[in-house]
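Me: Got a fold I'd like to talk through with you. Can we go over it piece by piece?

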Amino acid sequence: MSDPNPYKSGDSGNYEWGPGQQAGTPAYGYPQTPPPPAYQPTLAGGLPVPAQQPPMGGGAPLVSLGDITVVGDQIITPAGNMPLRGAVWNATDMSRTEEKMPTVAVVLAVIFFLFCLLGLLFLLMKEKKTTGFIQVTVTSNGRHHSTMIPATGPDSFNWVMGQLNYARSLSV
């Protein structure tokens, strides 16, 4: 404890640990200006792409449905930003759930019917398969955007409607 500090320089009392820095260069962790992009995106005819305005209010997304995202007081879509206030949200269930008896159930029922009469219980096996999409549309300020969300199970529409009702409550 009585050893002198090895990082202390002479009488000044300043620490001199680590590599030295040149005057005028920012230290580690300070924001620096990013280099310009390697290419400039253009539209047809060589026109430059107009700069997108960052969303007002910023922050984390409040709700996201497919490629529709609600951030702050705006709805962000690939077609551009729309105001959140007064937006009209709709959802259409275009999915279907099929229930069928798997092939293995029929095979097991036949095999076990020959050995014991309980083989017919295998015919009670069912397999559910959900296919299709759920279409979500939003209309705001004269603009319209639609997206399709794949249905992964029979409860997919209920999940989408829960998210949609939350988005509706934010639009008031």
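This is a predicted model: local features need pLDDT of at least 70, side-chain atom pairs count only at pLDDT 80 or more; totals for chains, interfaces and linings use all residues.

Me: How many helices and strands are in the protein chain, and in what order do the elements run?

Reply: The protein chain has two helices and seven strands. Read from the N terminus on, the order is β-β-β-β-β-α-β-β-α.

Me: Over how many bridges do strand 1 and strand 2 pair, and which residue is the bridge partner of Leu 65?

Reply: Strand 1 (residues 63-65) pairs with strand 2 in the antiparallel sense, over three bridges. The two form a hairpin with two residues between them, and Gly 66 in the turn has a positive phi of about 65 degrees. As for Leu 65, its bridge partner in strand 2 is Ile 68.

Me: In the hairpin of strand 2 and strand 3, which residue takes a positive phi?

Reply: Strand 3 (residues 74-77) pairs with strand 2 in the antiparallel sense over three bridges. Val 71 has Gln 74 in strand 3 as its bridge partner. Two residues sit between the strands, and the one with a positive phi, near 60 degrees, is Gly 72.

Me: Which element gives the largest share of the largest nonpolar core?

Reply: That core has 17 residues, and those with the most contacts inside it are Leu 65, Ile 75, Trp 89, Val 136 and Val 138. Two or more residues come from each of strand 1, strand 2, strand 6 (127-140) and helix 2 (156-171). The largest share, four residues, comes from helix 2.

Me: Leaving aside neighbours within four places in sequence, what is Val 138 in contact with?

Reply: Val 138 is one of the residues with the most contacts inside the core. Leaving aside those sequence neighbours, Val 138 touches Arg 143, His 144 and His 145, along with Ile 68, Ile 75, Met 82, Ala 87, Val 88 and Trp 89.

Me: Is Asn 141 buried or exposed?

Reply: Asn 141 is found in the loop between strand 6 and strand 7 (143-150). Phi there is near 55 degrees, a positive value in a residue other than glycine. With a relative accessible area of 65%, over the 50% cut-off, Asn 141 counts as exposed.

Me: How many salt bridges does the count come to?

Reply: Side chains of opposite charge can pair when their charged atoms come close. Here Arg 96 and Glu 98 meet at 3.0 Å, N to O. Arg 96 is exposed, at 52% relative accessible area, and Glu 98 is partly exposed at 39%. The salt bridge count comes to one.

Me: What is the accessible area of the nonpolar patch on the surface?

Reply: Its members include Met 101, Val 106, Phe 112, Phe 113 and Leu 123. Val 106 lies in helix 1 (residues 103-115). Together the patch residues have about 1,200 Å².

Me: And what share of the 172 residues in the protein chain is buried?

Reply: The protein chain exposes about 13,000 Å², with carbon and sulfur atoms supplying 61% of it. Among contacts with a separation of 6 or more, 51% are between residues 24 or more positions apart. The buried share is 21%.

Note on methods
Residues are numbered from 1 along each chain as its sequence is written. Side-chain values use heavy atoms; hydrogens and water are left out. Patches are made of residues with over 30% relative accessible area and no salt bridge: like charges are joined within 9 Å, nonpolar side chains (Val, Leu, Ile, Met, Phe, Trp, Tyr) within 5 Å. Accessible areas come from the Shrake-Rupley method with a 1.4 Å probe; for residues, only the protein chains shown count as cover. A salt bridge is a side-chain nitrogen of Lys or Arg within 4 Å of a carboxyl oxygen of Asp or Glu. Two strands pair if DSSP finds at least two bridges between them. Buried means under 20% relative accessible area, exposed over 50%, partly exposed in between (1.4 Å probe, protein chains only). A nonpolar core is a set of buried Ala, Val, Leu, Ile, Met, Phe, Trp, Tyr and Cys residues joined through side-chain atoms within 4.5 Å. Contact means heavy atoms within 4.5 Å.
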